[in-house]
Amino acid sequence: MTTSVSINANELAQQIKAWGQELGFQQVGITNVDLGEHGERLQEWLKKDYHGEMFYMADHGDKRYRPEKLVPDTLRIITVRMDYMPPEIETLKILNSPNQAYISRYALGRDYHKLMRKRITQLGKKIEAAVGHFGYRAFVDSAPVLERGLAQKSGQGWIGKNAMLINPKAGSYFFLGELFTDLPLPIDEPFEEMHCGSCRACLDFCPTGAIVDNHIVDGRKCISYLTIELKGSIPEDLRPKMGNRIFGCDDCQLCCPWNKFSKPTAESDFTPRHHLDSATLIELFSWDEQTFLSKTEGTPIRRAGHERWLRNIAVGLGNAPSNENIINALNSRLDFESELVHEHVVWALDQHKLKNKIQVSNATR
Ligand code: SF4
Ligand code: SF4
């Protein structure tokens, strides 16, 4: 990487923030490569195996908390934040309707990785046009980068007890991204204050008790992990706690008082596709692989694959109130070729047998 800053560094930093806003980011911050306590916290978290099957969290050694090892010569990291909550969608109503499918709000529209990386790269190009050739690389959740730590250090907000980055003016419904650079830019003040106070709503409302301590999520219990990252069987004791959440979970954000300040996104890419924000479990369970692939093309849901999609929905159907349509839908998947799906369907049918037995015994009393 070569560096040649010919304009005043403070002016350039201000200009970068203005360009970032023009590109649709709600905030831009700048920090150095010293992740300090964030690196130590990551190591503690890994030691306790809270990452479960997310082996990529442990791979890459210290590159995750030493950005200059990931991209040699990196001096500064420009962090960006983009709101994703689509306007005018029902959230609590769907979460509380057990026959409907709840999909994490970030995953309803087009995959954010491409859009964000493109915009961050555009930011890099704008800087290059002003200062000449310099070293830069854009990241969006795609490499070992401690993005929340970098965002906190660059003044974007504090890390809440739910381990999410919280911005006092925008809550936590936003994506983060980074531009690693070798430009010696002035850095922003870290966001040092913690505004959670005595609140512990996220710890109390987490359906699976995954927030084991302030700022510490046991990934193995988190519904986002269970429905997206975990490849095998979902632990039986956690299945009833998943309710109708079939891809991700937002409960620890929905209950956070700071999200009353969140703003709807202006990005049309994040608008829900194929009415994924209001579909029923039965409808989504009926998708064959081809339908799944075509309806989830370009969305974050694609990553789960059809087999895990059916596994997750089977759990949701097992948790729904019993009726003939649900039992028929589950029976129709009993012969599905995957052992993983079969096992979850059998579990779901057992839940309905249990519910119906209880109903019969109550009726005969
Ligand atoms: S995403 Fe859901 S399961 Fe995971 S920590 Fe938050 S509330 Fe708990
Ligand atoms: S719910 Fe309360 S404790 Fe949890 S992150 Fe939000 S403010 Fe902090």
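Ala, Val, Leu, Ile, Met, Phe, Trp, Tyr, Cys and Pro are counted as nonpolar, Asp, Glu, Lys and Arg as charged, and the others, Gly among them, as polar. The model is predicted: local features need pLDDT of at least 70, side-chain atom pairs count only at pLDDT 80 or more, and totals for chains, interfaces and linings use all residues. Residues are numbered from 1 along each chain as its sequence is written, chains are lettered from A and ligands numbered from 1 in the order in which they are written, and side-chain values use heavy atoms, with hydrogens and water left out.

Confidence was examined at the outset. The pLDDT (the predictor's confidence in each residue, from 0 to 100) averages 93 over the protein chain. A score of at least 70 is reached by 96% of the residues. Residues 1-5 fall below 50. Beyond near neighbours in sequence, this stretch has 18 contacts in the model (heavy atoms within 4.5 Å).

The protein chain is divided into domain 1 (9-90 + 106-181) and domain 2 (280-360), with bounds from an automatic or database domain assignment. Their contact takes 6 residues from domain 1 and 5 residues from domain 2. The domain centres, taken over C-alpha atoms, are 36 Å apart.

Strands (E, at least two residues) and helices (H or I, at least four) are DSSP runs, numbered from the N terminus. Strand β7 spans residues 174-181. On one side of β7 lie Phe174, Leu176, Glu178 and Phe180. On the other lie Phe175, Gly177, Leu179 and Thr181.

Strands pair if DSSP finds at least two bridges between them. β7 pairs with β2 (residues 76-83) in the antiparallel sense over 8 bridges. Here arginine 76 has threonine 181 as its bridge partner. β4 (residues 136-139) also runs antiparallel to β7, joined by 4 bridges. Alanine 138 is bridged to leucine 179.

Ligand shells were taken as residues with a heavy atom within 4 Å of the ligand. Around ligand 1 stand Cys206, Pro207, Thr208, Ile211, Cys222, Ile223, Ser224, Cys249, Asp251 and Cys252. Helices α8 (223-229) and α9 (251-254) each give two or more residues to this shell. By class, it has 7 nonpolar, 2 polar and 1 charged residues. The shell around ligand 2 includes Gly160, Lys161, Asn162, Cys196, Cys199, Cys202, Cys256 and Trp258. This shell divides into 8 nonpolar, 2 polar and 1 charged.

Methods. Buried means under 20% relative accessible area, exposed over 50%, partly exposed in between (1.4 Å probe, protein chains only).
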